[in-house]
Amino acid sequence: MNERLNIRDANPDDLEDIRELNRQIFEYEFEQCEKTSNVEYPDQHDGTKYYLQLVYRLDGFVAFVAEIHGKVVGYAGVRLVPDTELTHRNNVKLAQLHTLSVDKEFRNKGIGRALIDRSVAFAQKSGANRMRVIAYALNDRARHLYRAVGFTESEIVHEMPI
């Protein structure tokens with residue numbers, strides 16, 4: 001990558017950039033992966049609440065943004081999963097890569113990988129010994145990236161319309 005990439009902690013000034021990047025996720029998922037994806041979510045109350053959790057580091061959430069020349073071109077949202085949600089597992093301190101988005105004009109330049117690296121470093125520093133990420137089965141682009149950086153399938157979730 002020729003441009004100067006900077007990965008930093010997100011802050012409240014990044015809210016609209018994060019919202020826009022999240023819109024791209026939902027639009028892509030709706031078009032390519034899952035027709036039940038709520039493309040209105042980024043502009044709804046729950047979406048706004050989620051972004052506020054990320055930038056204010058509430059409820060175990062944290063976010064990192066990727067910038068090139070001062071422009072936010074990607075973000076990662078991470079959640080430290082509380083031990084109370086892991087009582088069914090032994091010796092697991094889990095972090096979840098909750099959201100990852102890179103602006104469609106800046107994909108395939110190593111930005112997603114850099115955001116994942118920063119997220120993993122944060123999780124390790126916070127005491128986590130495992131990281132989880134969830135992707136739609138039809139999201140080949142995301143699944144390929146996650147495999148390339150070292151994630152393996154540990155659970156398979158099945159769903160059917162009823």
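## Helix 3 and its surroundings

In this predicted model, the buried residues of helix 3 pack against strand 1 (5-9), strand 2, strand 3, strand 4, strand 5 (130-133) and helix 4 (140-148). The buried positions in helix 3 are I111, G112, A114, L115, I116, S119, F122 and A123.

Helix 3 covers residues 111-125, and its 15 residues should span 21 Å at 1.5 Å a residue; the end C-alpha atoms are 21 Å apart, so the two values agree. Just after helix 3 comes G127, with a positive phi of about 100 degrees.

## Helix 1

Helix 1 runs over residues 15-33.

Buried in helix 1 are L15, I18, R19, L21, N22, R23, Q24, I25, F26, Y28, E29 and C33. The cover over these buried residues includes helix 2, strand 2, strand 3, strand 4 and helix 4.

## Helix 2

Helix 2 takes in residues 45-56. Its 12 residues should span 16 Å at 1.5 Å a residue, and its end C-alpha atoms are 16 Å apart, in agreement. After helix 2 comes R57, which has a positive phi near 55 degrees.

The buried residues of helix 2 are G47, Y50, Y51, Q53, L54 and V55. They pack against helix 1, strand 2 (61-68), strand 3 (71-80) and strand 4 (94-102).

## How helix 1 meets helix 2

Helix 1 and helix 2 pack with their axes 10 Å apart, at an angle of about 125 degrees. Angles from 65 to 115 degrees count as roughly perpendicular and those over 145 as roughly antiparallel; helix 1 and helix 2 are therefore oblique to each other. The crossing of helix 1 past helix 2 is right-handed.

On the helix 1 side the contact is made by L15, I18, R19 and N22, and on the helix 2 side by T48, Y51, L52 and V55. By class, the contact residues comprise 5 nonpolar, 2 polar and 1 charged.

In helix 1, L15, I18, R19 and N22 are among the buried residues. In helix 2, the buried residues include Y51 and V55.

Technical notes. Residues are numbered from 1 along each chain as its sequence is written. This is a predicted model: local features need pLDDT of at least 70, side-chain atom pairs count only at pLDDT 80 or more; totals for chains, interfaces and linings use all residues. Side-chain values use heavy atoms; hydrogens and water are left out. Axes are lines fitted to C-alpha atoms, for helices over the stretch in contact, and angles run from 0 to 180 degrees between N-to-C directions. Helices (H or I, at least four residues) and strands (E, at least two) are DSSP runs, numbered from the N terminus. Angles under 35 degrees count as roughly parallel, over 145 as roughly antiparallel, 65 to 115 as roughly perpendicular and the rest as oblique. A crossing is left-handed if the near helix is turned anticlockwise from the far one by less than a right angle, and right-handed if clockwise. Contact means heavy atoms within 4.5 Å. Ala, Val, Leu, Ile, Met, Phe, Trp, Tyr, Cys and Pro count as nonpolar, Asp, Glu, Lys and Arg as charged, and the others, Gly among them, as polar. The expected span of a helix is 1.5 Å times one less than its number of residues. Buried means under 20% relative accessible area, exposed over 50%, partly exposed in between (1.4 Å probe, protein chains only).
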